[in-house]
Amino acid sequence: MKNRIKDLVQEIESIVAKNNDELEAMRIKYLSKKGLVSELFNDFRNVANEEKREVGQLLNELKNKAQDKINEIKESFESLQTDDNKTDLTRSADPLKVGTRHPLSLTKNEIIDIFSRIGFTIAEGPEIEDDWHVFGALNFPPEHPARDMQDTFFIEQNPDVLLRTHTSSVQSRIMAYQKPPIRMLFPGRVFRNEAISYRAHCFFHQVEGLYIDKNVSFADLKQALMYFAKEMFGEHTEIRLRPSYFPFTEPSAEMDISCNICGGKGCPFCKHTGWVEILGCGMVDPNVLENCGIDSTVYSGYAFGMGVERITNLKYQVKDLRLFSENDVRFLEQFKSAY
Ligand code: DAH
């Protein structure tokens, strides 16, 4: 009996079948009621009592082996299945789930695209900066409140190593080693020591613009910004410049656009004024040019800086700033765009 089981184990291990019919024949040969394995089970009652335990175990192993082998061959057929009804070779492959760009990247890329059409190129600067590039070169008086500990993150108690609070710092870097004409955008992340809420965050994004050449005037600035506002928010968008103050520009202004949510009629977003502020700008202060080694008697220029979150809110009406940094795919996958 034991020898017959052993022979059958070997036989079963070498089973081959080319198709389902052959496999079925094998199943019948070994596992059907009158099959070879079942036959051995029938003979089991003739096994001597003291051997029953061992032989019974061998028989069960044999049966499992036969079943496993047949299943294995069957599965190998299924994976090769090329039944014409099931496999349409002309079908396109399973569509890949393509990710979406972050809404802030969409806005940033659109801003870059709009200004690149009028000759602006891109540069980036470091997020960890020194006092000179963030404040000193940009004409911030030593006691200016923006240098206050409350606004600026300093690194390791060293007052000269800090996280930049605005991308204007890249102006001072670029002007120090590049000679005019300069017509550039500086996109990047900035940091301020502010409590996080739906309308403020300790980091956010800006795009800075700088144009330095001979005979650059405020009219050039206004023209460039009007072009930008119409490209970004639609041709009916109007702009308004209000006098303001920044240490690094003189004169300085803040620019509002007619509220693109209510079309200027007044709504909660524009606090019923019809206007929303989107950027700060001005003519680069001659002190800044001189601080960076540019002759202010020969060159002049304009600069502007805008918050990417703010523009994104206007375009997509996102009401809570924190959504931009939480990485919730349910929020992120809603943004589909050419940029
Ligand atoms: N750096 C300013 C800020 O963070 C924004 C700004 C205002 C940038 C006027 C400029 C400018 O280039 O001319 O609030």
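Q: Which residues gather in the patch of negative charge on the surface?
A: Asp68, Glu72, Glu75 and Glu78 do. Patch residues have over 30% relative accessible area and no salt bridge, with like charges joined within 9 Å. A salt bridge is a side-chain nitrogen of Lys or Arg within 4 Å of a carboxyl oxygen of Asp or Glu.

Q: What sort of model is this?
A: It is predicted: local features need pLDDT of at least 70, side-chain atom pairs count only at pLDDT 80 or more, and totals for chains, interfaces and linings use all residues. Residues are numbered from 1 along each chain as its sequence is written, and side-chain values use heavy atoms, without hydrogens and water.

Q: Where is Asp68 found?
A: In helix α4, residues 49-79 (helices are DSSP runs, H or I, of at least four residues; strands are E runs of at least two).

Q: Why does Asp68 count as partly exposed?
A: Because its relative accessible area is 48%, and partly exposed lies between buried, under 20%, and exposed, over 50%, with a 1.4 Å probe and protein chains only.

Q: New topic: how is the chain divided into domains?
A: Domain 1 covers 2-87 and domain 2 covers 103-338, with bounds from an automatic or database domain assignment. Their centres, over C-alpha atoms, are 77 Å apart.

Q: And Phe228, which helix is that in?
A: Helix α8, residues 218-233. Phe228 is buried, at 0% relative accessibility.

Q: What about Ser258, buried or exposed?
A: Ser258 is buried, at 13% relative accessible area. Ser258 lies in strand β8, residues 249-258, and its C-alpha is 6.3 Å from that of Ile239, 19 residues apart along the chain.

Key: Patches are made of residues with over 30% relative accessible area and no salt bridge: like charges are joined within 9 Å, nonpolar side chains (Val, Leu, Ile, Met, Phe, Trp, Tyr) within 5 Å. Accessible areas come from the Shrake-Rupley method with a 1.4 Å probe; for residues, only the protein chains shown count as cover. Lys and Arg count as positive and Asp and Glu as negative; His and the chain ends are not counted. The place of a charge is taken as NZ of Lys, CZ of Arg, CG of Asp or CD of Glu.
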